[in-house]
Each structure stands twice: as C-alpha cells, then as structure tokens.
Amino acid sequence: MNKLGFGFLRLPQTRGSIDWQLLEKMVDTFLSSGGSYFDTAYTYLDGMSEAALKKAVVERHPRASFQIADKLPGWKVKRREDCRRYFSEQLERCGVDYFDIYLLHWLNRANYAIAERFDEFGFLNRLKAEGLAGRTGFSYHGDAATLEEILQAHPDVDVVQLQINYLDWDDPAMEAHKCYDIAARFGKEIVVMEPVKGGTLANLPEEAALLLQQAAPDESTASWAIRFAQSLDRVSIVLSGMSTLEQVRDNMRDMPQLSAEDYVLLEKASGIIAADTAIPCTSCRYCVKDCPKSIAIPDYFRIYNAYRRFPSEGWKMEPVYASVAKSNGKASDCIHCLRCEQNCPQQIPITQWLKQVAETLE
C-alpha cells in the first residue's frame, strides 16, 4: 500500500535558497518509486513553489508521467475576473496547459463566504467544462458543520483535502474524524494534508518514540503517521512535504494497513505527545502573512516548545530567541489585532501564547 503525494511546501533549502540538485534527486526518486501526484499552491514559498515544480518536474519529465494539484487563492479574489487571472498565472508558473486537480485553497467559514460572493465554485465547474481541470474541489481547515454545509451546497466537487493525522483524529478542536466521515458520506475523494503535523509526529517525545520503536524497531516514527492516514478507506492521496532524499525513500516504501493493536498503540502515543507539546503549531506560517508587527510566530513557538520540553536547558533557548528577534518583531510587540488567530488552521489562541513566550524568553 502506498498513496503518497509529494507536497511542494517544505522543499530542501541551502542558505535560504532551494537546493535544486537535491530537489531533482528527490523528484526522480519519487517518480521512479511509483509516485505521480504533486501538490502546490499559489502562495506556497511566497510563489516559488509553482516555479520550483516547473523546473524540477515539468521541464524534466513527460507530462503523462505525473499529476499536478494546484489551488486558487480564493481569499485574495476581489472580483470574479480575478479567478481567471490567478488561474492563468498559475498555468504559466507551472509551465502546463491544464491541471489534473484544481482546488479552492484554504476554505473555512470566512473564506467560504468569499468563495460564494465571487462564484468560485462556478469557476471550478467552468474549468472542468473547458478541459482545463480534470477534477476539482477544495482544501479545508474548519469545523465539521461548515464542511457539511459546503458539500450540500456544492455536490459537484470531486476532491476534499483535509488535515488528518493520529494526533488530531479525536481532538475536539480539530474535528478531523468528523470531517473525514462527512466527506466520506458525501462520496468524495479525500486527500490528506499534514499527516505528520508539520513534523511533530516525526520528532516525538522520548517516551512516545520508544513506545513505537519497541513495536516496530525498523520503522521510522514518521512512517507510523503516514500509515495511519493511508489506512483510511476513502483516502486516495497522503501528501508529505519532504525536504530530504531519505524522507522520500522512507515514505515511498510499501506500508501495510494498521492493525487493531497498532491503533491502540497510536492512541497511547497521542496522549503522550499531547501532554508534552505546549503549542500544537505546524509552522504553516499562515499566521505571519498579515501580522502588522512581523512577529516570527512559528519560530517563537518552536523555541518555546523546546523550552517547555527541556526547561533545564532554557539558558540555551533564550539566545536563540534573541537572535530571531533581531530581524523580526518580538513576541511582546503583539498588538492583539487577532489577524493571526483568524488565519490559523490549528485554531491556536496565538496572542495568549505570545504573551507567555514573552514572559518566558524575553
């Protein structure tokens, strides 16, 4: 069993630039191992993701050998004509004349209202009719009730992209299980994003890592997370934002279905991880884009989580925080405008945590 898709969000970088030689090796290994699905978006890597896909994939491999999923930045749309303008720009960036899958990006309650106002679902239907998109749908970060409302109003979509991982599965704040059940009930193809929760499930607390290692000494901790998502019946693709060749090789291995015993084990691991992680940030950086103070929120949360995990080594974290703060706003610069919280897919009370970060690390 392998349902892996290559997410072009967390690409290998050297000194702030994409490592092209390594990326091309990763792409070639992914394709030669049986993979074909690449996922990008207009806003990923400040627009560089689509250009990187063109250079590393489109210009080097036959078009029939791969699929591209791209996404309309619907929240940026100010008039209906913008949909076609963004789409045309994306085709040019990627160097293709059609997309296999085209999604509305990042739907939630607020962005769904924008999509309705500018007939973005109608635009998807027109693309399919014109042969410019094979399948259509949307990526979703929101509650289960809103997801059901969207699918009732727009039954023509083919694909729903959801954040699913074993840590979020039964989390009442994330409603991952409920969203999966709703998409399945409507008969939609489900694509999984964040199966490793931004790397959280690849770098586990020692107790949780030992638990999984004892059960399967030859398996990586990340592979458990990938297997969890791949074991769900309605899931067709599990995206992984890979940045090393080793990750590609590990993720492309044939993975067996999880057993009943495996599910019990992951439930125990999930409890350990949740208790050990103060702030469940995935470093998607959606919170940063509208911050009027340019606060490096994900970087500060990563440092704070390390501090909470190893408080005796707090003296090491403070200079790291100070170094990041030299070229960014400090946590204490927050003016509580709440733009970050409105953009956060994980529904983190960011401003409250920034206050705690400032008190701890400044």
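Predicted model: local features only at pLDDT ≥ 70, side-chain atom pairs only at ≥ 80, totals over all residues.
I began with Cys334, which is buried at a relative accessible area of 17%. I took buried as under 20% relative accessible area, exposed as over 50% and partly exposed as in between, with a 1.4 Å probe and protein chains only.

Residues are numbered from 1 along each chain as its sequence is written, and side-chain values use heavy atoms, with hydrogens and water left out.

I looked for disulfides (a pair of cysteine sulfur atoms within 2.5 Å) and found zero in the structure. Cys94 is in none, and its nearest cysteine sulfur, that of Cys83, is 17 Å away. Cys94 counts as buried, at 0% relative accessibility. Cys334 is not in a disulfide either; the nearest cysteine sulfur belongs to Cys340, 6.0 Å away.

Helices (H or I, at least four residues) and strands (E, at least two) are DSSP runs, numbered from the N terminus.

I sorted the lining of the largest cavity into six nonpolar, four polar and two charged residues. Here Ala, Val, Leu, Ile, Met, Phe, Trp, Tyr, Cys and Pro count as nonpolar, Asp, Glu, Lys and Arg as charged, and the others, Gly among them, as polar.

**Positive phi.** Most residues other than glycine have a negative phi. I noted Leu45, not a glycine, with a positive phi of about 55°. Leu45 sits in the loop between strand S4 (37-39) and helix H2 (48-58) and is partly exposed, at 24% relative accessible area. I also noted Glu194, with a positive phi near 55°. Glu194 is in the loop between strand S9 (189-193) and helix H8 (206-215) and is buried, at 13% relative accessibility.

**Aromatic rings.** I paired rings of Phe, Tyr and Trp (its six-membered ring) with centres within 6.5 Å; planes under 30 degrees apart are stacked, over 60 edge-to-face and the rest tilted. The structure holds 23 aromatic pairs. Phe87 and Phe99 form an edge-to-face pair, 5.7 Å centre to centre with 80° between the planes. Phe87 is in helix H3 (residues 81-94) and Phe99 in strand S6 (residues 99-107), so the pair ties together parts 12 residues apart in sequence. Phe87 is buried at 1% relative accessibility, and Phe99 is buried at 0% relative accessible area.

Tyr166 and Phe228 are also edge-to-face, at 6.2 Å and 70°. Tyr166 is in the loop between S8 and H7 and Phe228 in helix H9 (residues 221-230), 62 residues apart.

I also found Phe6, Phe8, Phe30, Phe38 and Phe66 linked into a cluster by ring pairs.

**Charges over rings.** I required NZ of Lys or CZ of Arg within 6 Å of the ring centre and within 35 degrees of the ring normal. Lys55 lies over the face of Trp20, 4.2 Å from the ring centre. The charged end of Arg93 is over the ring of Tyr42, 4.0 Å from its centre.
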